[in-house]
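Trainee: I would like to go through this model with you. For each label, I want to hear the rule behind it.

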Amino acid sequence: MSSSDPGERSDLLHNMSAPPKSVVKYSGLSNLATSSSQGSAGVFGTPVRFVLPADMLGKTPAYILRYLGVSLLHAKEAAQQLDLLINARADELTLPEGCAVIPTASSHPVIWPDTLSALAILAKCSDSIWLRCKQPALNAALKRRQVTLLVPPLFANHLPKVPS
Amino acid sequence: MMIHGGPCPFKRLGLQGLQGIAPVLVAALATEEPLLLIGPHGTAKSLLLTQVATALGLEFRHYNASLLNFDDLVGFPMPGKDGRLDYVKTPAAIWGAGAVIFDEISRCRPDIQNKLFPIIHERKVQGLALAGLRYRWAAMNPPSTDDNDNGYLGSEPLDTALADRFAFVVEMPAWTALNEDEQLAIIQANDCPITTEAAHYLAELVARTRTTLPSISQSLASGVASYVRTLVALLAQAGIALSPRRAGMLYRSVLAVNAAALALNPGMDAAEAALLAVKNALPQRAQGIAVPEVKLLAAHREAWRFANIAPGDPLKAILCAADPVERLRLAVAASELPKAAFSQVVADALAQLQTGSREAAIVHLFETGAVGRLNAAVAGQAAELYRDMATPPQFSETMHASNNRFKTWGKVKDLLSQLDPAQPRANLRANALAAAFLRKELASPNDADLAFAAFASTDAQLGFA
């Protein structure tokens, strides 16, 4: 986890009184997968990725409702109608009430590939956490395409199998 | 706090600027509990006590404790007729006094201080009851301690046990706290005899407080008891420890100050009177230990708020738990706790936990799913730390080998080598330690040791070891 600095020798030639430098490194206790067959190496828990279709970014609630195949009840209330759908979907997802957000990698499995699930996550997500009970923020959701949540090991067995 | 009702009884005795602590002083007179005044020289501590004793018509003795010999107190010992020890009573001896004032109590010799202890505590000297002694008062300058630059050299912190015998520990208002009129009145003061009206007014207030106290006690007893219980727990969490005796004293003081406040100003708020009582009933001031105003105020507000919560409410048990890990565990278990209260308890607990322990507590929040009950701000902060544990923080840092940070890293490596990478929890613990090092929270190898051990013990306490 630490090693000598390759530049140490040349420093020594220039200044004998300068203390030697070292580089310390850390990248995890081991490279072993630690908890889940679905997880990534070194990660404690199961990463689950949610992806929004590329053509969804920046679209209006009315457009998204049409995309989802939902009839619009009142044109002026599209946002509220979409929020209700997002909240309902968030309640259905077998996730804990809150999950940490981790940097996304393409290796992270997409368990719920549908658009409404992705919206249910992205609209209730900050840079660090997803909270089921949070009020949906559609503008924030439509600014980024994907996010990975880390599901703690105790909740991992509630997750559906990864679709092949 | 100002008394908006009748005039301040102490102003009538020629004492300025005491309206803010008047209810406390009247409460001390009504309850006859020991009273200690603390203040810089020239703040009228002795004058206050002698004027009050005179106004109440008490036979009193005024001793300078720094010059006191035991013989001065009791007189000269002499064998009695039946083998008993009698004392030749001098006019200055304590026998027969209704009030006693020990001035400069923090400057007296330890052996004399020990002899004053039973007088203050139980109105006894050499095991003999001091019949007729009602009031035990003392005064001192702020003690000199490492923490108190304004303390007086020669004024020693009072012994903990002795300090704990004074039910009322009152800080005298400083010159700068007085308004212009009061300062001018002090400058132009001359010795005037106490008028009959002023003496009568004070006696009347004391009597009215005594009369009101039983009914105040009846109506506020359970609320004040609950308030004091929560307050003591919250102060302990803030590092201000109080004895069980002090808890009882606080209870009685809060009731008495409420009764006195009612006598002085019938419109006064009970919470305000309670805070005034608490501010003037902490023994720490006599020991030179600073009591941060902010911590005291925060604890008072919380305790007062929860004084009216139903006895079975889990929040009461949570707030009264001294250990922040236990508070967090109880809060997680109490799923009915509202989001705001839960978030507050968790945020407070996390702020009090040391590195290592805090990380294990955060793991607990995520593994139980309780993080979802937090408000977004607290949950977000917890998630940032959790991410650094659940996914290995990756870093590379160049440092001098002579640097203390390099030595700390050496200790971190030693500790990590004790862990089995095949154990999932070992990875969490390793990442927690590495992340704390990265955040520069480990300033020494000892810090690394402490954080490593704290993670394991908290993890075990929360049932996940």
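Trainee: How many disulfides does a search of the whole structure find?

Mentor: Zero, over all chains. The rule asks for a pair of cysteine sulfur atoms within 2.5 Å. Take A:Cys125: the nearest cysteine sulfur, that of A:Cys99, is 9.0 Å away. That is not within 2.5 Å, so A:Cys125 is in no disulfide. Keep in mind that this is a predicted model: local features need pLDDT of at least 70, side-chain atom pairs count only at pLDDT 80 or more, and totals for chains, interfaces and linings use all residues. Residues are numbered from 1 along each chain as its sequence is written, chains are lettered from A and ligands numbered from 1 in the order in which they are written, and side-chain values use heavy atoms, with hydrogens and water left out.

Trainee: Is A:Cys125 buried or exposed, and what makes it so?

Mentor: Its relative accessible area is 7%. Buried means under 20%, exposed over 50%, and partly exposed in between (1.4 Å probe, protein chains only). So A:Cys125 is buried. A:Cys133 has 40%, so A:Cys133 is partly exposed.

Trainee: What makes the pair B:Arg61 and B:Glu59 a salt bridge?

Mentor: A salt bridge needs a side-chain nitrogen of Lys or Arg within 4 Å of a carboxyl oxygen of Asp or Glu. Here N to O is 3.1 Å, so the pair qualifies. B:Arg61 is buried, at 10% relative accessible area. B:Glu59 is partly exposed, at 47%.

Trainee: How many salt bridges are there over all chains?

Mentor: The search finds 24. Among them is B:Asp111 with B:Arg109, whose closest N and O atoms are 3.1 Å apart. B:Asp111 is partly exposed at 34%, and B:Arg109 is partly exposed at 39%. There is also a network of salt bridges, which links B:Arg358, B:Glu359, B:Asp388, B:Arg439 and B:Glu441.

Trainee: Why is the pair B:Arg285 and B:Glu171 said to tie parts together?

Mentor: First the bridge: the closest N and O atoms of B:Arg285 and B:Glu171 are 3.3 Å apart. B:Arg285 lies in the loop between α9 (270–279) and α10 (293–306) of chain B, and B:Glu171 lies in strand β9 (residues 168–171), so the pair joins parts 114 residues apart in sequence. Those element names come from DSSP runs, numbered from the N terminus: helices are H or I, at least four residues, and strands are E, at least two. B:Arg285 counts as buried at 17%, while B:Glu171 is partly exposed at 43%.

Trainee: Which elements do the buried residues of α13(B) pack against?

Mentor: They pack against α11 (314–320), α12 (324–333), α14 (357–367) and α15 (376–390) of chain B. Contact means heavy atoms within 4.5 Å. The buried residues of α13(B) include B:Phe342, B:Val345, B:Val346 and B:Leu350.

Trainee: What does chain B look like as a whole?

Mentor: Chain B has 18 helices and ten strands. Of its 465 residues, 52% count as buried. Chain A comes to six helices and six strands, and 45% of its 164 residues count as buried.

Trainee: Which residues of chain A does B:Ser396 touch?

Mentor: B:Ser396 touches A:Val23, A:Val24 and A:Lys25, not counting residues up to four places away in sequence. B:Ser396 sits in strand β10 (residues 395–400) of chain B.

Trainee: How much area do chain A and chain B bury between them?

Mentor: About 3400 Å², with 69% of it on carbon and sulfur atoms. Buried area is the accessible area (1.4 Å probe) that two parts lose on being put together, summed over both. A:Tyr26, A:Leu29 and A:Phe44 supply 23% of the area that chain A buries against chain B, more than any other three residues. The contact takes 35 residues from chain A and 47 residues from chain B.

Trainee: How many salt bridges are counted between chain A and chain B?

Mentor: The count is zero.
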